[in-house]
Amino acid sequence: MTTSPQPSAPRRKRPSPRIAEVVRVSQLTPHMIRVTFGGENLTGLVSKGPAEHVRIYLPNENTGVLTLPVPGPEGLEFPEDVERPKSRAYTPRRWNADTNELDVDFVIHGEGPASAWAAAAKAGETAVVSGQPSGAYLPEVDADWYVILGDEAALPAIATLLEALPATMQADVYIEVLNAQEEQELSGPAQTNITWLHRGNDHDLPGLLLIDAMRNADLPEGDGRVWVSAEASIMRQVRKHLLEDRQLDRSLIRTQGYWKHGDLNHTDHDMGDDV
Ligand SMILES: Cc1cc2nc3c(=O)[nH]c(=O)nc-3n(C[C@H](O)[C@H](O)[C@H](O)COP(=O)(O)OP(=O)(O)OC[C@H]3O[C@@H](n4cnc5c(N)ncnc54)[C@H](O)[C@@H]3O)c2cc1C
């Protein structure tokens with residue numbers, strides 16, 4: 001019997017990219033720059049929860065030109081006759097719908113186009129951000145505790161997560177940064193213990209200290225969750241430890257590779273499910 005091909009379901013259209021403006025640039029620490037995006041085109045942006053991400057579109061590295069989206073049948077879209085601009089995933093650190101301002105904190109790690117763009121960003125510049133944030137992590141607010149681990153790239157997400165955890169919760173947080181100058185003030189309602197891990201200049205791969213921190217951590221009593229975002233191989237080692245050595249159920253662990261050593265534009269869907 002022959003079967004006729006089934007029509008595939010229509011692909012849901014992604015929200016149109018938005019043309020924004022760089023309103024201001026602030027140096028948070030020697031290696032972390034906050035770019036505040038604004039402008040009336042950001043109206044309607046909706047934050048759905050902590051640790052979500054937007055994509056920031058980047059100028060062509062050879063020409064320095066940022067391709068802007070143009071009106072199409074379903075709103076703004078990138079023109080088909082030129083190369084689609086590169087983009088990278090970033091956490092909306094803060095979205096203020098009253099002032100239409102979106103803060104995004106960039107690690108200046110010295111290699112990629114997004115890091116380079118942020119390091120050179122100036123107020124008044126045109127920028128393009130994706131239409132809506134996606135991938136929010138909705139914490140289990142009835143849990144007793146969270147253990148949270150991340151590197152600098154995860155620091156903005158961790159900050160949004162801490163703002164969302166309730167006062168009844170214990171949050172044990174381990175953040176690896178280069179040195180004490182990269183630490184930031186973090187706050188939220190939960191009973192929070194933050195351990196800053198300083199890798200210094202001797203470690204090639206950011207995040208290595210997170211593995212030992214997790215191995216040595218005492219998990220509190222009660223119902224808890226572990227949230228980890230870091231370089232992809234570091235995240236996998238932590239995940240393996242949690243699943244194999246600690247025998248934690250997969251449902252209690254949320255891991256994500258935010259970047260991968262040597263990889264350009266690592267996927268923003270790397271949850272370490274292969275471990
Ligand atoms: C959901 C999500 C949220 C994120 N939120 C943030 C955020 O708020 N702030 C932030 O700074 N990053 C964040 N990241 C990570 C960011 O998307 C990546 O670091 C991205 O690769 C940076 O792009 P790039 O153009 O600078 O470098 P790429 O062109 O992607 O990579 C170039 C080289 O730089 C290396 N590299 C990439 N990132 C880092 C890094 N952080 N440290 C050291 N080396 C690196 C790569 O291994 C590669 O060798 C997030 C990622 C995800 C998936």
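The shell around the ligand takes at least three residues from each of two domains, domain 1 (18–129) and domain 2 (145–259). These bounds come from an automatic or database domain assignment. The model is a predicted one: local features need pLDDT of at least 70, side-chain atom pairs count only at pLDDT 80 or more, and totals for chains, interfaces and linings use all residues. Residues are numbered from 1 along each chain as its sequence is written.

Start with the ligand. Around the ligand there are 29 residues, and Thr91, Val107, Gly112, Ala114 and Ser115 come nearest. A residue is near a molecule or strand if its C-beta atom, placed from the backbone, lies within 6 Å of it. Helices (H or I, at least four residues) and strands (E, at least two) are DSSP runs, numbered from the N terminus. By class, the shell holds 13 nonpolar, 10 polar and six charged residues. Here Ala, Val, Leu, Ile, Met, Phe, Trp, Tyr, Cys and Pro count as nonpolar, Asp, Glu, Lys and Arg as charged, and the others, Gly among them, as polar.

Now look at the two domains. The C-alpha centres of domain 1 and domain 2 are 26 Å apart. Between them, 12 residues of domain 1 are in contact with 13 residues of domain 2. Contact means that the C-beta atoms of two residues, placed from the backbone, lie within 7 Å. On the domain 1 side, strand S1 (18–29) and S8 each supply at least two of the touching residues. That side of domain 1 has six nonpolar, four polar and two charged residues.

Helix H2 comes next. Eight of the 10 residues of H2 are buried, and the helix is mostly covered. A residue is buried if 20 or more other C-beta atoms lie within 10 Å of its own, exposed if 12 or fewer, and partly exposed in between, with C-beta atoms placed from the backbone. The buried residues of H2 are Leu155, Pro156, Ala157, Ile158, Ala159, Thr160, Leu161 and Leu162. Their cover includes strand S7 and S8. It also includes strand S10 (145–150), strand S11 (170–177), strand S12 (191–198) and strand S13 (224–231).

Two other helices pair up. The axes of helix H3 (residues 208–216) and helix H4 (residues 232–245) come within 9 Å and cross at roughly 10 degrees. Axes are lines fitted to C-alpha atoms, for helices over the stretch in contact, and angles run from 0 to 180 degrees between N-to-C directions. H3 and H4 are therefore roughly parallel. Angles under 35 degrees count as roughly parallel, over 145 as roughly antiparallel, 65 to 115 as roughly perpendicular and the rest as oblique. H3 brings Leu208, Leu210, Ile211, Met214 and Arg215 to the contact, and H4 brings Ile234, Gln237, Val238 and His241. The contact has six nonpolar, two polar and one charged residues.

Last come some single residues. Asn100 sits in the loop between strand S7 (92–96) and S8. Its phi is positive, near 60 degrees, in a residue other than glycine. Asn100 counts as partly exposed because it has 19 C-beta neighbours inside 10 Å. Asn265 lies in the segment after S14. Asn265 also is not a glycine, yet its phi is positive, about 50 degrees. His266 is in the segment after S14. Leaving aside neighbours within four places in sequence, His266 is in contact with Ala232, Gly257, Trp259 and Lys260.
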